[in-house]
Amino acid sequence: MNEHVDAVLPAARDGNHASNATPPGEARNPLLAALGDRVRNLRAQRGLTRKAVAVAAGVSERHLANLEYGIGNASILVLQQVAGALHCSLAELVGDVTTSSPEWLLIRELLEHRSEADLRRVRVALGELLGTASVDPARHRRIALVGLRGAGKSTLGQMLAEDLEVPFIELSREIETLAGCSVREIHDLYGTNAYRRYERRALEETIQIYSEVVIATPGGIVSDPATFNELLAHCTTVWLQAAPEEHMGRVAAQGDTRPMAASKEAMEDLRRILNGRAAFYSKADLSVDTSGRTLAQSFQALRAVAHQSMRPGA
């Protein structure tokens, strides 16, 4: 058995078995209690004894008992070992929405190890089944630009709107109007969750008001799955791509290096942000790479894909 287990799962030394009694005057931590309940339930579902799970996980039976009673403060490594012994994911052991019912678990099992293409087909099919699919008849007439700051969403979006003779909406400005303060102040005063609520509301109102529009979205709109689903369902999305160096250069040229201003490794931070969001940006209907292109060249490329998408039957 690993030596670290004794340190991270302190066992009761004054008896042969763990007790479910908590110290006088102390209530069990709700998180640890819920975790213990899930471990016991999973073990019961698998028809395994505590001893069998302890052996398979490489921990003592006493340590496992402490965990089940909610008095063992387990490290992430121990939890991973226990999850392996119970033949479940760490998420299922710790608990998330996909563990809340048998149906959730059965659906998740069907989706595990599927390719991105398969998962996309499932997502679209579920949207059709549940009535949340992209059936909005105005979807192809709403163009939403996604991507990091510095990709050209505001500049190119304004140019495209003028070319198409439709309104141009910069969603960040709409968010500020709703909140009555700047985006930075929303984050500072109310937090990220409040900002995401304003973002969702601003998008919903824009969709309700405009059947033809070009929208420049905030770079982090993909961070909220519900808002991003709303965007995908009601707008034709275009990912404006650019190399990290070009993103940084364009933002710096505007005199603004947020959100990397306080970092000594701004480029590395930007690369991490881009890498973290790229998989979501790639869900856009179309993409235009502006790297190495002049403004005029980038606009012509965007104009071409936008006009193509707005044709009937496109």
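This is a predicted model: local features need pLDDT of at least 70, side-chain atom pairs count only at pLDDT 80 or more; totals for chains, interfaces and linings use all residues.
What is the volume of the largest pocket? The volume of the largest pocket is about 1300 Å³.

**Stop 1: the largest pocket**

Select Leu 119, Val 122, Arg 123, Val 124 and Asn 229. Of the 31 residues that line the largest pocket, these are the closest to its centre. Next, colour helix 7 (102–111), helix 8, helix 13 and helix 15, which are the elements that give two or more residues to the lining. Helix 8 supplies the largest share of the lining, 10 residues. Then colour the lining by class: there are 16 nonpolar, 5 polar and 10 charged residues.

**Stop 2: helix 13**

Stay with one of the elements that line the pocket, helix 13, and select residues 225–234, which make up this helix. Which residues of helix 13 are buried? They are Thr 227, Phe 228, Glu 230, Leu 231, Leu 232 and Ala 233.

To see what covers these buried residues, show helix 8 (116–130), strand 1 (142–146), helix 12 (192–209), strand 4 (236–241) and helix 15 (266–281), which are among the covering elements.

**Stop 3**

Strand 1 is included in the cover of helix 13, and strand 1 is itself mostly covered, with 5 of its 5 residues buried. Show the side chains of strand 1 and look at each face in turn. Arg 142, Ala 144 and Val 146 are on one side, Ile 143 and Leu 145 are on the other, and both faces are covered.

To find a place where the two meet, select Arg 142 and its bridge partner in strand 3, Val 213. Another is strand 4, which runs parallel to strand 1 and is joined to it by 4 bridges. Here, select Leu 145 together with Val 238, its bridge partner in strand 4.

**Stop 4: two histidines in loops**

Move to His 87, in the loop between helix 5 (76–85) and helix 6 (90–94). Its phi is near 55°, a positive value in a residue other than glycine. Is His 87 buried or exposed? His 87 counts as exposed because its relative accessibility is 66%, and the cut-off for exposed is over 50%.

Then select His 113, in the loop between helix 7 and helix 8. Phi of His 113 is near 65°, again a positive value in a residue that is not glycine. With 82% relative accessibility, His 113 therefore counts as exposed.

**Stop 5: Leu 67**

Finish at Leu 67 in helix 4, residues 61–68. Why does Leu 67 count as buried? Leu 67 counts as buried because its relative accessibility is 1%, and buried means under 20%.

Show what surrounds this side chain. Leaving out residues up to four places away in sequence, Leu 67 touches Leu 32, Leu 35, Gly 36, Val 39, Gly 72, Ala 74, Leu 79 and Val 82.

Terms used:
Residues are numbered from 1 along each chain as its sequence is written. Side-chain values use heavy atoms; hydrogens and water are left out. Buried means under 20% relative accessible area, exposed over 50%, partly exposed in between (1.4 Å probe, protein chains only). Contact means heavy atoms within 4.5 Å. On a 1 Å grid over the protein atoms alone, a cavity is a set of points where a 1.4 Å probe fits but cannot get out, and a pocket is an open set with protein on both sides within 12 Å along at least five of seven lines; lining residues have an atom within 4 Å of a point. Grid points are joined across faces, edges and corners, and a volume is the space filled by probe spheres set on the points. Ala, Val, Leu, Ile, Met, Phe, Trp, Tyr, Cys and Pro count as nonpolar, Asp, Glu, Lys and Arg as charged, and the others, Gly among them, as polar. Two strands pair if DSSP finds at least two bridges between them.
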